[in-house]
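Please open the model in your viewer and keep the selection panel at hand. The stops below are to be taken in order.

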Amino acid sequence: MAETEIRAVAYARYSSDNQREESIEAQLRAIKEYCEKNNIQLVKIYTDEAKSATTDDRPAFLQMIKDSSLGLFNAVIVHKLDRFARNRYDSAFYRRQLKKNGVKLISVLEQLDDSPESIILESVLEGMAEYYSKNLAREVMKGLKENAFQAKFNGGIPPLGYDIIDGKYVINEKEAEAVRLIFELYAQGYGYRQIIDELNLRGYRTKKGNTFSKNSIHEILRNEKYTGKYIFNKGTKKNHRIVKEDVIIIEDAVPAIIDENLFREVQKRIEKNKKQQASYTAQRIYLLSGLIECGVCGSSMVGTLSKGQYTYYRCNNKSRKKACDNKDVNKEMIENYVIDELLQKVFSEDALPKLVERLNEENKKLVSERDEEKKRLSRRYEEIKKSISSIVDVIAKGYFHPSLHEKLTELEQQKAEIEVRIKEMNSLPDTSFITEERIRHYLLKDKEVLEAGDPHKIKQILPTYINKIIVYRDRIEVHFKLSVDDTVCAWMVAASGFEPPTLRV
């Protein structure tokens with residue numbers, strides 16, 4: 001690659017916290033125009049939508065940083081520097097990584113070179129972007145705090161039981177009846193499912209008009225506002241960086257719906273149940289989690305424990321929303337059945353040799369196809385280079401026409417795309433060393449895991465062999481990724497339900 005040739009990728013980000021910022025489409029349009037004017041090949045585009053540059057929760061950005069080590073491009077182009085990062089530390093960290101990989105950062109709107117003046121200006125621009133971000137957050141927080149000191153509503157959806165009038169919380173008596181019922185039933189020992197049934201029977205709905213779920217009940221039971229306490233900026237599970245001094249708590253600032261004693265009684269029961277559930281969960285591993293789904297509504301099925309410690313898989317729609325009537329399936333029964341079928345379909349003395357042979361043949365085919373693809377790409381690459389050279393020779397002799405420039409640009413783009421494809425193929429893992437003996441050894445190790453019975457290890461290997469398990473009303477289907485005959489194994493179950501048979505020991 002010539003030193004003057006720039007092959008770049010574009011990075012664009014749209015942050016949902018500032019609706020005035022340029023859209024991704026506008027950013028990319030400006031970047032493409034910049035590339036055309038400066039004879040830069042744009043080989044790939046990375047975008048993150050509704051992501052903030054103040055966090056690393058930007059998958060496309062992080063993938064771009066990772067890809068910079070492959071040598072596919074030597075420049076990253078952004079519309080503005082604040083699209084890259086708003087924090088000078090992060091900016092310096094990632095730019096150092098790019099520089100280490102021979103990749104430079106280019107801003108369309110901020111034309112900077114490598115002079116000392118540009119380095120200073122670049123630092124100033126980054127500092128201004130960081131200041132803008134933090135100052136905006138500070139000003140917004142100032143207004144929210146002022147509202148909080150006056151116990152005013154600070155946006156969002158008010159909790160069930162309250163309406164907002166002139167910025168103040170007032171009790172919605174109809175909804176408050178549901179809130180009181182939830183607390184009273186839970187304190188009396190009712191479970192979430194029983195409470196949901198009672199609420200639905202009486203016609204109560206959530207603030208959004210939906211039926212209640214376990215999560216909505218839990219949020220209500222945990223909300224201290226119902227005791228009359230106003231709390232602002234306490235933090236969430238996703239945000240633990242709240243400074244204690246920034247938390248605002250005002251007693252008796254909101255009309256109370258339940259008394260403090262009832263609230264404390266409910267919290268004690270929640271904590272007790274939480275500890276019991278943690279103890280039960282520690283003793284039980286649901287081997288099929290992530291693999292088993294409902295054949296009636298298509299939702300995933302989740303491991304569930306009843307009060308009597310009866311373990312089963314239940315449709316998530318049925319568990320959370322009461323929106324499915326599929327039967328539950330006994331945990332031990334279905335897990336034993338799946339493992340038995342796996343041992344028979346994959347690891348038996350008859351099945352395993354056939355499977356080893358087939359996997360070896362498939363791997364040989366894969367290696368051959370990759371080699372052919374590489375050869376095809378190399379041939380096409382050489383053809384394009386010759387075509388480019390021919391056009392350049394024609395232009396050098398003075399025979400210039402706009403169509404030649406268009407054709408040359410098209411060929412250069414194709415050449416860049418093929419180079420990227422070749423690089424990507426070369427980065428794929430090499431499987432040419434895999435033999436029948438290696439495959440047999442790998443399968444036998446997994447067979448030993450199944451026979452040893454360690455649930456932690458069994459859970460890890462099941463996704464290798466099973467695509468999905470579908471539970472219908474009258475049968476269970478196990479869809480294998482690997483098997484010597486059928487890829488689906490169907491087990492007919494009595495229509496009366498999934499009652500456990502005599503279990504394998």
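In which helix is the place of asparagine 360? Select helix H11 (residues 351–396), where asparagine 360 is found; helices (H or I, at least four residues) and strands (E, at least two) are DSSP runs, numbered from the N terminus. The model is predicted: local features need pLDDT of at least 70 and side-chain atom pairs count only at pLDDT 80 or more, while totals for chains, interfaces and linings use all residues. Residues are numbered from 1 along each chain as its sequence is written, and side-chain values use heavy atoms, with hydrogens and water left out.

Asparagine 360 has a relative accessible area of 5% and is therefore buried (under 20% relative accessible area; exposed is over 50% and partly exposed in between, with a 1.4 Å probe and protein chains only). Leaving aside residues up to four places away in sequence, asparagine 360 touches Ile434, Thr435, Glu436 and Ile439, contact being heavy atoms within 4.5 Å.

Next, select helix H14 (residues 455–465), whose buried residues are Ile458, Ile461, Leu462 and Tyr465. Viewed down the axis of H14, these residues fall within an arc of 125°, so they line one face of the helix; the arc is that of the directions from the helix axis to the C-beta atoms. They pack against helix H10 (331–345), helix H13 (436–452), strand S13 (466–471) and strand S14 (475–480). On the face turned away from the buried side, H14 carries the exposed residues His456 and Gln460.

Move on to helix H6 (residues 192–201) and helix H7 (residues 214–222), which pack at an angle of about 95° with their axes 10 Å apart. That angle makes H6 roughly perpendicular to H7, a term for 65 to 115 degrees. Axes are lines fitted to C-alpha atoms, for helices over the stretch in contact, and angles run from 0 to 180 degrees between N-to-C directions. Display Tyr192, Ile195, Ile196 and Leu199 in H6, which meet Lys214, Ile217, His218 and Leu221 in H7.

Finally, turn to the strands. Strand S5 (residues 162–165) and strand S6 (residues 168–171) pair in the antiparallel sense over four bridges; two strands pair if DSSP finds at least two bridges between them. Tyrosine 162 has isoleucine 171 in S6 as its bridge partner. The hairpin of S5 and S6 has two residues between the strands, and there aspartate 166 takes a positive phi near 55°.

Note on methods. Parallel < 35°, antiparallel > 145°, perpendicular 65-115°, else oblique.
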